[in-house]
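Welcome! Try each one yourself before you read its solution.

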Protein chains: 2
Amino acid sequence: MVTKPGSKSGYHHGDLRNALVAAAVELATQGGPERVVLREAARRVGVSATAAYRHFDGQADLLWEVKAHAQVVLADRMEEAARAVAESTDPGAAATSRFLALGRGYIGFAVECPGLFRSAFCPVPAAAAADEDEGGDGDGDGDGGGDGDGPGTVNGGREPQARSFELLVQSLDQLLAHGRMAPGRRPLAEAVAWSAVHGVAELILEGPFAHLPAEERDAVIESTLSVVLAGLAAP
Amino acid sequence: MVTKPGSKSGYHHGDLRNALVAAAVELATQGGPERVVLREAARRVGVSATAAYRHFDGQADLLWEVKAHAQVVLADRMEEAARAVAESTDPGAAATSRFLALGRGYIGFAVECPGLFRSAFCPVPAAAAADEDEGGDGDGDGDGGGDGDGPGTVNGGREPQARSFELLVQSLDQLLAHGRMAPGRRPLAEAVAWSAVHGVAELILEGPFAHLPAEERDAVIESTLSVVLAGLAAP
DNA sequence: GGGGAATGTTAATGCTGTCAACATGGGGCA
DNA sequence: TGCCCCATGTTGACAGCATTAACATTCCCC
């Protein structure tokens with residue numbers, strides 16, 4: 001029943017939920033999670049504010065959806081970065097490159113889409129736990145091009161940030177398998193790697209590295225990744 | 001509520017600015033920066049909302065003050081943790097312990113005072129750059145003390161988060177001086193260390209490590225510090 | 001084709017930040 | 001000492017926000 005495209009007869013929008021999410025995502029993209037204001041999203045869609053309550057529990061629920069979407073985009077970005085890694089004959093070098101690519105993708109997303117990135121980790125007031133079952137959503141997500149675009153086709157399954165974590169786990173397993181990590185470091189390696197990478201991103205966005213020239217900023221990123229890699233390799 | 005000095009009559013508060021900052025800090029301590037609402041702070045001090053505008057440019061300015069205060073408290077916490085380190089005959093071991101203490105202090109503050117910690121790194125809408133010189137503010141301010149501790153008398157010099165950075169720099173210099181760090185790692189070491197530690201804190205507060213049992217959470221912290229230390233030591 | 005339910009609209013409440021106009025009284029100047 | 005000025009605090013008002021209640025429209029199934 002969730003007919004995607006505009007079967008709009010004026011009164012019934014036909015795809016309000018996705019349209020609202022899309023508008024909210026755009027708000028978040030430019031301005032961060034604090035700019036995700038329900039009334040403004042409704043205004044942009046051309047609908048009264050209270051219409052949103054037919055599809056969301058409230059502003060927090062809408063923000064939650066934005067957050068979930070942002071995490072999906074983050075994972076997409078990481079995956080794409082990892083896929084673009086040049087193949088190497090040395091599997092150890094490949095594993096290392098893949099790990100670095102994931103980290104650069106993560107931070108790159110934060111730098112290029114600060115609003116969305118911050119939304120991916122923003123605190124949402126009250127957990128809107130209702131997981132509605134979206135029936136058949138054959139999402140042909142289409143790797144669409146530009147960021148802005150896209151419909152709001154949010155994920156059906158409600159499990160945030162699982163995919164980026166999975167990517168990291170695989171990468172770390174590869175590092176271990178090809179002798180680029182000390183076995184004793186493996187257990188909590190995901191936490192360590194994630195923390196370092198997330199910290200860089202956060203400090204670039206809101207912290208002391210905010211006004212660093214791009215060149216120096218990149219040096220900080222590379223340095224951090226390098227140290228983590230070396231630390232994981234050390235016994 | 002918390003009227004500091006032997007104040008005046010009912011009309012003129014006598015120390016409204018500091019009282020408002022103190023109230024705002026309390027709000028931030030329990031509930032984070034988004035709970036720093038000007039009207040509520042004024043209400044708690046027992047004053048009309050608009051009275052705050054005699055002392056602040058607006059809510060953003062008040063929040064800025066809270067942020068600055070939070071950064072001071074964070075630095076205090078780190079300093080205290082570092083000072084509590086047991087002296088060692090081995091200067092290298094001492095440098096390592098001091099570094100670990102700083103990191104644990106940083107994260108410990110985040111875990112114990114999440115609201116304040118988040119306030120220390122929250123985005124403040126528009127930078128309220130006006131540093132007014134309060135002439136007669138001379139009286140000895142905070143001796144410290146109980147719960148709420150210090151008054152709102154925030155630092156005079158307006159340079160946030162400088163002190164914690166300085167502590168880190170010193171610690172890293174010690175590590176280098178006593179052979180616990182590869183010289184090539186020194187240049188951007190502060191960025192690396194800060195990122196890792198900040199990332200752990202952030203992910204514990206808002207991210208995927210939020211609902212970790214305390215024991216495992218501590219393991220993540222120790223693991224991260226250990227990897228960073230090893231990475232900085234590796235050539 | 002009719003009726004129920006899904007969807008969207010207007011009206012209203014209480015919160016917030018912020019400005020304008022008014023009130024008070026403390027401290028400096030005569 | 002007395003008095004006036006202005007820093008400080010107050011009430012009132014307005015706009016924007018989230019949210020609820022009551023009302024209106026249209027889709028879709030029987």
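**Exercise 1.** What is the mean pLDDT of chain A, and what share of its residues reach 70 or more?

*Solution.* Start with the scale: pLDDT is the predictor's confidence in each residue, from 0 to 100. The mean for chain A is 85, and 82% of its residues reach 70 or more. Next, look at residues 1-8 of chain A, where the pLDDT is below 50; beyond near neighbours in sequence, this stretch has 12 contacts (heavy atoms within 4.5 Å) in the model. Residues 129-157 of chain A also have pLDDT below 50, with 16 such contacts.

A note on conventions: this is a predicted model, in which local features need pLDDT of at least 70, side-chain atom pairs count only at pLDDT 80 or more, and totals for chains, interfaces and linings use all residues. Residues are numbered from 1 along each chain as its sequence is written, chains are lettered from A and ligands numbered from 1 in the order in which they are written, and side-chain values use heavy atoms, leaving out hydrogens and water.

**Exercise 2.** Find how many residues surround DNA strand C.

*Solution.* Count each residue with a heavy atom within 4 Å of the strand: there are 23. Among the closest are A:Arg54 and B:Arg39.

**Exercise 3.** Which backbone atoms lie by phosphate oxygens of DNA strand C?

*Solution.* Take A:Ser48 to begin with: a backbone N or O atom lies 2.7 Å from a phosphate oxygen. For B:Gln59, the distance from a backbone N or O atom to a phosphate oxygen is 2.8 Å.

Conventions:
A polar contact is a pair of N or O atoms within 3.5 Å; within protein, one must be able to donate a hydrogen and the other to accept it, and residues adjacent in sequence count only if both atoms are side-chain atoms.
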